[in-house]
Amino acid sequence: MFEHGKAAEALPQFAVQPDRRADEGERRVRVGRRDILITRRLAGVSMMISVPVRAYRGVALDVEPRGDGGASYRLSLAHRDPDLDVVLAETADGGAVSADWKYWAAYLDLPRLSCRDGELETLDPRLGEVAYRGALERRRNVAVQQRRPRFAARRKTGETARLVVVHEDEREIICYE
């Protein structure tokens, strides 16, 4: 499928992938940091689709059991429209797919997704476009306590349960009147 590394970043790579609706049953895909370029022929007409990376939900890892007792791993870009999903790698090596999963998620700045029972589950929580890493415990540090007044050092950090709820695909209307 796709290779990552310094040599791979130098030239844009096209990968041939199966496409059930396209003529000859295949399409060519190029993955870039900003957009995914999909070219295919449909009913004799050549088409090129440029999909922004932000339109994808994340980098999904799907694990399927094989007949010999092992597992088959598929790494793909998950989109709401299944026709726009892009397969990044298919392998039987769990260590390699784990490294590729982290690489593609960091390279495209998308969350990692896990496929369980046909549902995608987010492993990297986000608040809008920003990755959420959790609050740092900053008031119990000895170096900070020496510089801060005793009252300020005793205060507790905020609670994650009280964070503002972020609704997907909604606009915030603010009125300053």
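This is a working chat about a predicted model, moving from its sheet to its core and then to one helix.

Reader: Before we start, what kind of model is this, and how are residues numbered?
Author: It is a predicted model in which local features need pLDDT of at least 70 and side-chain atom pairs count only at pLDDT 80 or more, while totals for chains, interfaces and linings use all residues. Residues are numbered from 1 along each chain as its sequence is written, and side-chain values use heavy atoms, with hydrogens and water left out.

Reader: OK, in what order do the strands of the open sheet run?
Author: The order is S1-S2-S3-S4, with antiparallel pairing, where strands are DSSP runs of E with at least two residues, numbered from the N terminus, and two strands pair if DSSP finds at least two bridges between them. Strand S1 (14-18) and strand S4 (45-52) stand at the edges with a single partner strand each, so one side of each is left without a neighbour in the sheet.

Reader: And how many bridges join S3 to S4?
Author: Eight bridges join strand S3 (residues 35-42) to S4, and the two run antiparallel; Ile-38, for one, has Ile-49 in S4 as its bridge partner.

Reader: Switching topic, which residues touch the most other members in the largest nonpolar core?
Author: That core has 25 residues, and Ile-36, Tyr-56, Val-59, Leu-75, Leu-77, Val-86 and Trp-104 touch the most other members. A nonpolar core here is a set of buried Ala, Val, Leu, Ile, Met, Phe, Trp, Tyr and Cys residues joined through side-chain atoms within 4.5 Å, and buried means under 20% relative accessible area (1.4 Å probe, protein chains only).

Reader: Which element gives the most to this core?
Author: Helix H2 does, with seven residues.

Reader: So which residues of H2 are buried?
Author: In H2 the buried ones are Val-97, Asp-100, Trp-101, Tyr-103, Trp-104, Ala-105, Tyr-107 and Leu-108. Helices are DSSP runs of H or I with at least four residues.

Reader: What span should H2 have, and what is found?
Author: At 1.5 Å a residue, taken times one less than the number of residues, the 15 residues of H2 (residues 94-108) should span 21 Å, and the end C-alpha atoms are 21 Å apart, which agrees.

Notes
Buried < 20%, exposed > 50% of the residue type's maximum accessible area, 1.4 Å probe, protein only.
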